[in-house]
Amino acid sequence: MNQRIRRLALALLVLYAVLFVQLNFIQVGRKASLDADVRNTRQTVRDFDEPRGPILTADGVVIAESRRTQPGSTYSWQRVYPEGELFAHLTGYFTLAYGATQVERVMNDVLSGNTAEQQLSGVWSVFDTDDNSGSVTLTLDANVQQAAKDALGEREGSVVVLDVQTGAVKAMWSWPSFDPNVIADHDSAEAGVWLQFLDLLPSKPLLANAYQERYMPGSTFKVITTAAALEAGVVSLDTVFAEESQYLPPQTDDPIENYNGRSCGGDLTEVFRRSCNTPFARLSIDLGPSNMVEAATRFGIGEDVPFDLPSPAASAFGDVDYFVDNLPLLAIGGFGQGNTQMVPLHMAAIAAAIANRGTMMTPFAIDLTRDHDGKVLDRTEPTMWRQVMSPGVASTMVDLMKVVASSGTASCCLKLADGVVAAAKTGTAQLNGPGEPERSHAWMIGFAPADTPRYAFAVVLKGTNAEISAGTGGTLAGPVASKVMNAALRDR
Amino acid sequence: MAGLVTAGAYTLASLGQNAVIPSRILPFLGLMLLLLVSAHVAVRWLASGADSTLLPVAALLNGLGYVMIARLSERLAGLQTTWTFIGIAVFIAVLVFVERINDLSRYTWHFFAAGAGLLLLPLIPGLGFSSGGARIWVNIGPINFQPGEFAKLALALFFAGYLAERGRLISTSTRRLGPFTIPESRDLLPLVAAWGFSVVIMVGQKDLGSSLLFFTLFVVMVWVATEKTSYLVIGLGLFVVACVVAYNLFDHVQTRVAVWLDPWSRYDGKGYQIAQAMFALGNGGVTGTGLGRGLPQRIPEAKNDFIFAAIGEEMGLLGATIVLLSFMVIIGAGLRIALRTQRPFEKLLATGLTTIIGVQAFIIIGGVIRVVPLTGITLPFVSYGGSSLVANYALLALLIRLSDVSARRLGEVPDTPMLSERWAARRARKRTDDVTTEVSDL
């Protein structure tokens, strides 16, 4: 029997040798090809499950951070958004199953510590810690952002506040928003259901409407028409427009009316203050298609708003050929109706440009990035986007807008604390045709303090019910702008 | 030996510390160590002549598996501690009650009845139930267990007893057929019966792994007992026939083979588990991802049949090789026990028990790393599971007792009286004392 037992031992030895060879074959020989298999998400998951730095506001509020999960969880880190929906459109979300959006996406390398600079500094601190994740600080102020949210309440719309000299975003809020914590939850099936649900909502809560959506600007567009006309010398402060309730542009029998069909006229300051329609329709026609389109282009209309977050929308006006054949549309385009569409962030940038002697700065939300030790990696330098008007015209526009705020369409509702004088322009775009349910966009743009401007704003409320549509831009957007600007000016 | 246990314990503890495992696990870990040390003390006391490598190596496997299970699920780690406790209790109980191993050969047919009964138990309606596709579970009141795990022990004992008695007889009464010596048809009967058993298990319970294990066990034991190669050839022939028939008859057998040959094209279906195991092993590489840093939870049944892949992922080729070497050490020690003893029953029993562990580990590791088609079976001492752990500790106790018995017989350790003998002697002495007292009273 002993001989058989020895043979059995040998046989088993051979079997185990085969196991060992195969094990080596898999774990060493085929390692590279196995790791490279597209279905092998192990490395992706491990990258996902690395420490990740926080996102902060300018005043130091943490709006995204990674927290250790309960022991025994699938992943060691959970991305958390302590402020919930308040900064959702800025931070975006960071998930394995649905990717990353917004700052989480564009600043992924910094947050995960994968920029060349961080990797290099990481080499030296190999013995300290293997966490070289970085942080991102935004230009936004949490107080102003919160004020924007509170002021808007549960009304569809957007609020943008910009630093007029730099273009830094102080607040950017749109309602409805969403809670990124729900999407970043590791239960990706449930997160997927939420994502699908949010995506299907007509109000598009997943979109940062403040810069990814455009709205008909209504009378706020008169700022552009007026600046263009002043620049071209077609109009001056001394120009007087005749009192009229209607104006019949070329190529049509359908006259343009003033708001509520009222008779309206006077000098430029007066018609701007009262926001008459007919004078600006006339100005558009006087300027003509090519001048108007050229002015729109100078203001950056037609190009994606240059912004440091993904997928900004472009404002729209129209092209020359189109207007040559459709002069009535050029006329109503001059006061922000027809096919004219403006991005709220863009409108805020235009208001800021007027306050900044005609220089429109490139808006930005990401202030600076730091490495794990707190050393600043990169800081956004303010840059000019466009020179939209001469300083002289800008100065005239400031005066016009001051009158709107002090005794014009905005005077009812734009009231700043401590007697701060503001400059503004209101707008109410009628979206519904005759007989259709009321739909409108209520706007206000402006800046304050009027003489030493610090912040510019754009507020738009989307009127999808009678409550909003019954008001005008001033009565609806004014109180919102007041609260937000008070919060911004109180700061610092 | 104590040093080896300590080394195993140290490995265990350091592995536990490196892992991202919560502090709550430490009491469990401490309890595990205490259990293994008490098993060691029991061996020193009850079987001082036993092979000194078996228990520490089994403890190492148990410990590696435990760390992996703890890393996968805290709850299961707690349960595994309980199972280890019961396993060690059974281990000590076997050492206490089985003192003269030859006594067991008297109960050959009892073991047969027990083994056959246990094997067929899951087929009884109302008692047995299926889980994971195989009907190998039995539910009695609150307790679920896999009787097959215990049946293999009983059958090894039966084969050893039966063949020790009849083996020589079977091998002498042969006819010649060409170059081969063919056993009498009467003597072929047990072989055919064993084959029948395997088929019943395979068909009735869909448990390919156990079926293969039983059949291998039987063929190996008959071959060792009779020293006739023809049995090996016939056994192999029957095996091939069974394989071909099973392949053609059963879908799940075809699937297993297809997945073995190419898991990648069936990634979204039956091949997923194997493919994930491949990814896990590949990702582990030589040194592993480190405990708690891999994703073994992605492999279905990682705590159970696929625990080897989980070890290979997080502890790398090194950890996986340690597991392979551990089983080789157990095989070596087991067969050395078989060689050392002179009595056929003990020889065959040691061979059978070693074959069970060695072949079972091969079947499942080979299945996981695609050396053979996957057949679900636990990895002895490593996988999560009560029945498996308890049965394997009982098996280990028998091997240790065998080792101790032959050491005593060879005079390597003094053949001190066994516990029951000491107890009997003490009672006898006491009775004599009582009598003496009475006499002196008179």
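These legends walk through close-up views of a predicted model.

View 1. In general, strands of a sheet pair through backbone hydrogen bonds, either parallel or antiparallel.

**View 2. Where β12 meets β13 in chain A.** Zoom in on strand β12 (residues 366-370) of chain A, and you'll find 3 bridges joining it to β13(A). These two strands run antiparallel. Which residue of β13(A) is the bridge partner of Arg370(A)? That would be Val376(A).

**View 3. The contact between chain B and chain A.** Here chain B brings 58 residues to the contact, and chain A brings 37 residues. Between them the two chains bury about 4,300 Å², with 66% of it on carbon and sulfur atoms. Look in chain B for Phe279(B), Asn283(B) and Phe362(B): these lose the most area to chain A, together 14% of what that side buries. As for how the chains hold hands, there are 10 residue pairs in polar contact between chain B and chain A (both at pLDDT 80 or more), while the count of salt bridges between them is 0.

**View 4. The side of chain B that touches chain A.** Helices do a lot of the work in this picture: the elements giving two or more residues to this side are α8 (208-226), α11 (272-284), α12 (307-314), α13 (316-340) and α14 (344-368) of chain B. Which of these gives the most? It's α14(B), with 12 residues. Sorted by class, this side of chain B has 34 nonpolar, 16 polar and 8 charged residues.

**View 5. A salt bridge linking distant parts of chain A.** Over all chains the count comes to 18 salt bridges. One of them joins Lys170(A) to Asp141(A), with the closest N and O atoms 3.8 Å apart. Lys170(A) belongs to strand β6 (residues 169-175) of chain A, whereas Asp141(A) is in the loop between β4 (135-138) and α8 (142-152) of chain A, and the two are 29 residues apart.

**View 6. Two cis peptide bonds in chain A.** Start with the bond from Trp175(A) to Pro176(A), which is cis with omega near 5°. Pro176(A) has its place in the loop between β6 and α9 (180-184) of chain A. Then move to the bond from Ala448(A) to Pro449(A), also cis, with omega near -15°. You'll find Pro449(A) in the loop between β16 (440-448) and β17 (455-463) of chain A.

**View 7. A positive phi in chain B.** Glu301(B) isn't a glycine, yet it has a positive phi of about 65°. Where is Glu301(B)? Check the loop between α11 and α12 of chain B.

Terms used: Residues are numbered from 1 along each chain as its sequence is written. Chains are lettered from A and ligands numbered from 1 in the order in which they are written. This is a predicted model: local features need pLDDT of at least 70, side-chain atom pairs count only at pLDDT 80 or more; totals for chains, interfaces and linings use all residues. Side-chain values use heavy atoms; hydrogens and water are left out. Two strands pair if DSSP finds at least two bridges between them. Helices (H or I, at least four residues) and strands (E, at least two) are DSSP runs, numbered from the N terminus. Contact means heavy atoms within 4.5 Å. Buried area is the accessible area (1.4 Å probe) that two parts lose on being put together, summed over both. A salt bridge is a side-chain nitrogen of Lys or Arg within 4 Å of a carboxyl oxygen of Asp or Glu. A polar contact is a pair of N or O atoms within 3.5 Å; within protein, one must be able to donate a hydrogen and the other to accept it, and residues adjacent in sequence count only if both atoms are side-chain atoms. Ala, Val, Leu, Ile, Met, Phe, Trp, Tyr, Cys and Pro count as nonpolar, Asp, Glu, Lys and Arg as charged, and the others, Gly among them, as polar.
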